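Dear colleague,

I am passing on to you the structure that we spoke about, and I would be grateful if you could look through it beside the notes that follow.

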Amino acid sequence: MSSRFTKAILALGSNLGERNDTLSTAVADLVDRPEIRLLGVSPVVQTKAVGGPVGQPDFLNMVIAIETTLAPLELLQHCHDVEQMHHRVREVRWGPRTLDVDIIVYGELTSDDETLTLPHPRAAERAFVLYPWALLDPAARLNGESVAELATKAEDFPGLRPFDGFDGSGSVAAAGAVE
Ligand SMILES: Nc1ncnc2c1ncn2[C@@H]1O[C@H](COP(=O)(O)OP(=O)(O)OP(=O)(O)O)[C@@H](O)[C@H]1O
Ligand SMILES: Nc1nc2c(c(=O)[nH]1)N=C(CO)CN2
């Protein structure tokens, strides 16, 4: 097994239960293994639910940057395990959930496999992913485009707002620059 680390971006969302507590414990759970190192944590934003049942609660969303020696499918399984630790129930597509963890990018890897599509096939349209990612890493690019520019063009951008304690620049600086 190679011990080479690959950088990856994970997106986290929660719209059921104690959303902010769930996100912070989920970050700790995600990085609580030697094959994963935490590189940076975005600010948390509150967002209107995109798709799914009408009237579901607002989400809290954030992204983290990691580096990992896990293979892509091992990382996906780990994300699912952490979702289960937070009692994620899959009932309705895009329905409310205690915790969702998606892999947005894994290094430069591209994949059309429906079990793991990379980059995440809907990330480029989702301000709830793009905006916190741009705050974490203003130079980030996705599919050759600026993540910050994609965020402002996304349909859900106007519904997005800072969550309590949000301090974009401070949080980004505190999290450290992402190479
Ligand atoms: N990049 C990816 N990250 C996470 N899951 C993925 C990815 N690509 C494909 N999948 C697959 O998508 C399946 C459904 O994931 P999930 O239930 O989290 O979807 P969702 O969050 O409701 O919707 P969306 O996929 O639009 O974010 C997973 O079981 C997984 O196999
Ligand atoms: N605001 C918001 N909307 C969503 C989210 C999410 O995390 N935030 N996740 C979805 C499926 O992954 C579908 N819709």
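Among contacts in the protein between residues at least 6 apart in sequence, what percentage join residues at least 24 apart? The figure is 72%, where two residues are in contact if their C-beta atoms, placed from the backbone, lie within 7 Å.

Please bear in mind that this is a predicted model, in which local features need pLDDT of at least 70 and side-chain atom pairs count only at pLDDT 80 or more, while totals for chains, interfaces and linings use all residues. Residues are numbered from 1 along each chain as its sequence is written, and chains are lettered from A and ligands numbered from 1 in the order in which they are written.

The protein has five helices and eight strands, taken as DSSP runs numbered from the N terminus (helices H or I, at least four residues; strands E, at least two), and their order from the N terminus is β-α-β-β-β-α-β-α-β-β-α-β-α.

Phenylalanine 5 lies in the segment before β1 (6-14) and is in contact with Arg37, Glu67, Thr68 and Thr69, once neighbours within four places in sequence are left aside. Phenylalanine 5 counts as partly exposed because 16 other C-beta atoms lie within 10 Å, a residue being buried at 20 or more such atoms, exposed at 12 or fewer, and partly exposed in between, with C-beta atoms placed from the backbone. Of the 179 residues of the protein, 39% are buried.
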